[in-house]
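I am opening my notebook on this one and will jot down what I look up as I go. Come along and check each entry against the picture.

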Amino acid sequence: MSDTTTSLVAADGTPLKRKLAQSLMRSRARAFGLALPLLAFILVLFVYPIANFLTQAFYDARFATLMPGTTEVLKDWDAVSAPTEEMAAVLVADLVVSKKEKTIGKVATRVNRELSGTRSLFTKTARSAKKMEAPYMEALIKKDKDWGDIEVWQAMKTASRVYTPAYLAAAVDLKMLADGSIVRQDEDRRIHVILFWRTLEISFLVTLFCFMLGYPVAYMLSTLPARTSNLLLILVLLPFWTSLLVRTTAWIAMLQAQGVLNDLFVVFGLAADDDRFSLIYNKTGTLIAMTHILLPFMILPLYSVMKTIPPSYVRAAKSMGATNWTAFWRVYFPQSVPGIGAGALLVFILAIGYYITPALVGGQDGQMISNFIDFHMRKSLNWNLAAAMGLVMLVFVLFMFWIYDRIVGIDNMKLG
Amino acid sequence: MKTIMSLTTASVLAISAGTAFAEGSITAVSWGGAYTKSQVEAYHKPWTAATGNTVVSEDYSGGLAEVKAQVESGSVTWDIIDVEKSDAVRGCDEGLFMEIDHSALPNGADGSAAADDFIPGSFTDCAVANIVWSTIFAYDSSVMANGPTSIADFFNLDAFPGKRGLRKSPKANLEMALAADGVASADIYEVLGTDEGVDRAFAKLDTIKDSVVWWEAGAQPPQLLADGEVAMTTAYNGRIFNAVASEGKPFEIVWDAQVFDVDMWAIVNGAPNAELAMDFLKFSTATEQLAAQASYISYGPARKSSAPLVGSYHSNASLEMGPQMPTAPDNFATAISNDFEFWADNQDELNERFNAWLAN
């Protein structure tokens with residue numbers, strides 16, 4: 001074979017093998033060319049923005065860019081000894097510039113994240129920085145005694161780091177001190193870990209409920225005659241095509257204290273009129289509404305897998321003496337596992353990032369991590385922390401995916 | 001494109017109104033609903049009549065996100081915007097708003113200089129206040145005949161059983177909790193500035209935590225009251241007034257420990273029609289305009305000289321607006337002035353603590 005002289009050649013004299021490789025290459029390039037627009041689309045509008053945003057989780061050059069001199073002198077400071085006159089002088093010079101350039105708000109916001117209560121200290125001092133004269137340290141302390149507090153300077157040193165683990169630490173209820181060490185957040189400010197766990201708990205429960213409700217429905221759909229099952233399938237798809245907001249709002253009308261369900265309870269004497277059940281604006285409401293909204297994502301993959309299971313297998317098992325349960329558990333159920341895997345993964349991953357439904361019906365204990373990411377995006381404008389929480393979430397989902405692959409196997413999954 | 005469209009709209013409006021051609025047009029951005037309507041009636045229409053310039057009105061839902069995007073991308077389409085005081089100061093610090101020369105504002109109708117005429121706290125470097133609004137609490141008098149009268153009653157579940165509506169934010173809640181715990185209005189922020197004070201406020205909120213329904217949008221509290229979801233709720237006073245005056249709801253406002261604040265006009269940095277916008281600002285914050293606005297919504301005028309001119313509700317001559325204002329003497333006795341600086345400094349920490357408190 002290695003002897004090329006005896007191998008076949010094409011009409012133009014090139015070896016056939018190379019010719020074949022060329023032609024394969026061309027068709028591959030053509031196929032790639034067809035997929036290129038989509039690839040470019042995904043890269044430019046999906047991967048790049050997400051990656052770019054996620055870098056904010058550990059990259060924050062605001063202080064370093066806007067206060068360059070201060071950043072430089074803080075680098076050489078050990079964060080323990082008293083701040084020097086030189087540091088004060090450079091700080092005042094930077095403050096004068098940032099007041100003129102109108103960037104003081106950004107600087108103050110950044111430092112305030114490290115040490116609450118310093119925002120007005122910076123804006124106030126910047127306003128009169130121009131008139132300050134040496135010795136600057138005294139001038140600063142005269143303006144506000146807080147400048148004598150070493151914590152303020154430590155906060156600036158922390159804020160001046162361009163690559164900082166501070167946001168990621170904050171996303172898991174830790175905080176970084178000026179010397180770079182990381183400790184747990186004060187107890188009354190710990191919130192994110194609880195939220196991550198709650199997000200997981202809710203997603204897990206929703207997946208479980210969807211499975212428990214969806215499995216029998218999918219089974220029924222797959223065994224009924226085509227005409228009936230098509231009709232029933234439309235009933236599954238109809239809510240699927242209805243707006244998410246409409247369905248969530250409908251649940252509010254159903255579940256609220258003066259709502260349909262509670263009215264029925266009162267009529268049937270299951271609840272007292274002045275002591276109705278709290279079914280919404282709490283975790284219960286989130287669970288009910290999310291289960292309903294995500295149910296089709298469980299039923300559809302289950303249905304498509306169950307459709308392909310030949311009924312003769314179960315009949316054969318029974319004819320050989322298996323009870324109904326054994327025939328189901330040993331023969332039918334294992335064949336439906338790919339559908340369960342696909343449905344469960346779909347529901348779980350959708351649930352973990354759910355946002356609108358918990359925001360509307362979650363009340364205080366039905367909120368999920370995405371609601372807090374939204375809070376930091378739109379209200380507190382702390383995009384770095386939002387990015388850090390998103391990154392933690394992403395890593396976690398990938399981890400779950402890996403576990404799933406190890407236990408169930410990603411190949412063992414069918415979407416239809 | 002947007003400018004062309006708005007100019008076209010403006011000219012069409014001008015022609016249809018039968019006036020001369022519009023000389024110019026500005027885009028004024030505000031909060032929408034009954035509030036924007038009050039501004040259109042009291043500011044926009046008279047200004048157009050007086051100068052021939054037109055106003056294109058746009059709505060937003062607060063915050064600086066849009067302004068920031070416009071200024072930083074260099075394509076500013078908004079000229080003048082109605083902002084909360086905290087955003088006015090923050091936007092000014094970050095260079096989003098133009099600085100304003102307050103000495104250019106006209107004197108009050110009674111001749112007093114603008115600086116004396118506006119209530120304290122009406123001026124910031126980049127903004128001028130137009131109205132005073134307030135967070136109050138309200139109840140449905142058809143459900144509770146002998147309703148609550150003080151902020152302490154709001155926290156008293158034994159005497160006044162039922163759910164409570166509160167805004168899902170530490171703002172105003174912590175102040176009201178301390179007031180209910182016996183702190184005098186003037187000392188609220190001094191107490192809240194200490195760790196013990198914050199603990200005390202949260203401890204007070206703890207007493208009703210299990211009975212609270214949390215709201216986020218200003219339109220929710222009147223709805224919660226109307227649905228019977230809550231027995232009483234905090235709310236923005238204008239929203240409750242609107243439900244009473246235009247929908248005939250039997251709601252009652254309790255003014256004890258109201259937390260009041262100002263809304264302000266600010267001109268966006270790089271606004272395409274900055275000069276016209278400044279003219280509009282001067283016009284709309286004059287004594288008569290502010291007084292006229294008060295006949296459409298129960299937010300108090302920021303000028304003292306407007307108070308004597310405030311009349312009755314625009315569609316109901318027997319409904320005097322004066323007593324509906326947060327600044328009316330009967331309502332104002334225990335009022336708490338929202339401290340912008342306190343919140344600018346501490347909101348990150350208190351938000352975190354509030355969220356952690358909610359989640360546990």
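This is a predicted model: local features need pLDDT of at least 70, side-chain atom pairs count only at pLDDT 80 or more; totals for chains, interfaces and linings use all residues.

**Entry 1: around α11 of chain B**

I began just past helix α11 of chain B, where B:Gly248 takes a positive phi of about 65°. Next I looked at the helix itself, residues 237-247 of chain B, and found it mostly covered, with eight of its 11 residues buried. The buried ones in α11(B) are B:Asn237, B:Gly238, B:Arg239, B:Ile240, B:Phe241, B:Asn242, B:Ala243 and B:Ala245.

**Entry 2: positive phi in chain A**

I then turned to two residues of chain A. Most residues other than glycine have a negative phi. A:Lys102 has a positive phi of about 60° although it is not a glycine, and I found it in the loop between α4 and α5 of chain A. A:Asp173 also has a positive phi of about 60° without being a glycine; its place is the loop between α9 (166-171) and β1 (174-176) of chain A.

Is A:Asp173 buried or exposed? I counted 20 C-beta neighbours inside 10 Å, so A:Asp173 counts as buried, since the cut-off for buried is 20 or more. A:Lys102 has 16 other C-beta atoms within 10 Å and is therefore partly exposed.

**Entry 3: a cis bond**

I also looked up a peptide bond in chain A. Most peptide bonds are trans. The one from A:Ala134 to A:Pro135 is cis, with omega near -5°. I located A:Pro135 in the loop between α6 and α7 (136-143) of chain A.

**Entry 4: helices packing against α6 of chain A**

How do the axes of α4 and α6 of chain A cross? For α4 (residues 85-100) and α6 (residues 119-128), I noted that the axes come within 8 Å and cross at roughly 90°. That angle is why α4(A) counts as roughly perpendicular to α6(A). From α4(A), the contact uses A:Leu95, A:Ser98 and A:Lys99, and from α6(A) it uses A:Thr125, A:Ala126 and A:Arg127. By class, I have two nonpolar, two polar and two charged residues in the contact of α4(A) with α6(A).

Helix α5 (residues 104-114) of chain A also packs with α6(A), at an angle of about 150° and with the axes 8 Å apart. So α5(A) is roughly antiparallel to α6(A). I noted a right-handed crossing where α5(A) passes α6(A). On the α5(A) side I listed A:Ile104, A:Gly105, A:Val107, A:Ala108, A:Thr109, A:Val111 and A:Asn112, and on the α6(A) side A:Arg119, A:Phe122, A:Thr123 and A:Ala126. The contact of α5(A) with α6(A) divides into six nonpolar residues, four polar and one charged.

**Entry 5: domains**

For chain A, the domain assignment gives domain 1 (63-162) and domain 2 (192-407). I noted 51 Å between the centres of these two domains of chain A, taken over C-alpha atoms.

Chain B is divided into domain 1 (2-132 + 262-326) and domain 2 (133-260 + 331-359). Their centres in chain B, again over C-alpha atoms, are separated by 28 Å. Domain 1 of chain B gives 17 residues to the contact, and domain 2 of chain B gives 15. On the domain 1 side, α2 (33-51), α4 (85-93), β5 (127-140) and β12 (316-320) of chain B each supply at least two residues. Which of them gives the most? I found that α4(B) does, with four residues. That side of domain 1 of chain B has 10 nonpolar, four polar and three charged residues.

**Entry 6: where chain B meets chain A**

I then looked at the contact between the chains, which takes 24 residues from chain B and 26 residues from chain A. From chain B, α4, β7 (212-215) and α15 (340-359) each supply at least two residues. α15(B) gives the most to this side of chain B, with 13 residues. I sorted the side of chain B that touches chain A into seven nonpolar, six polar and 11 charged residues.

**Entry 7: one lysine**

Last, I picked out B:Lys282, which sits in helix α12 (residues 274-284) of chain B. It has 18 C-beta neighbours inside 10 Å, so B:Lys282 counts as partly exposed. Leaving aside residues up to four places away in sequence, B:Lys282 touches B:Ala104, B:Leu105 and B:Pro106. I also noted that 24 Å separate the C-alpha atoms of B:Lys282 and B:His314, which are 32 residues apart along the chain.

Key: Residues are numbered from 1 along each chain as its sequence is written. Chains are lettered from A and ligands numbered from 1 in the order in which they are written. Domain bounds come from an automatic or database domain assignment. Two residues are in contact if their C-beta atoms, placed from the backbone, lie within 7 Å. Ala, Val, Leu, Ile, Met, Phe, Trp, Tyr, Cys and Pro count as nonpolar, Asp, Glu, Lys and Arg as charged, and the others, Gly among them, as polar. Axes are lines fitted to C-alpha atoms, for helices over the stretch in contact, and angles run from 0 to 180 degrees between N-to-C directions. Angles under 35 degrees count as roughly parallel, over 145 as roughly antiparallel, 65 to 115 as roughly perpendicular and the rest as oblique. A residue is buried if 20 or more other C-beta atoms lie within 10 Å of its own, exposed if 12 or fewer, and partly exposed in between; C-beta atoms are placed from the backbone. A crossing is left-handed if the near helix is turned anticlockwise from the far one by less than a right angle, and right-handed if clockwise.
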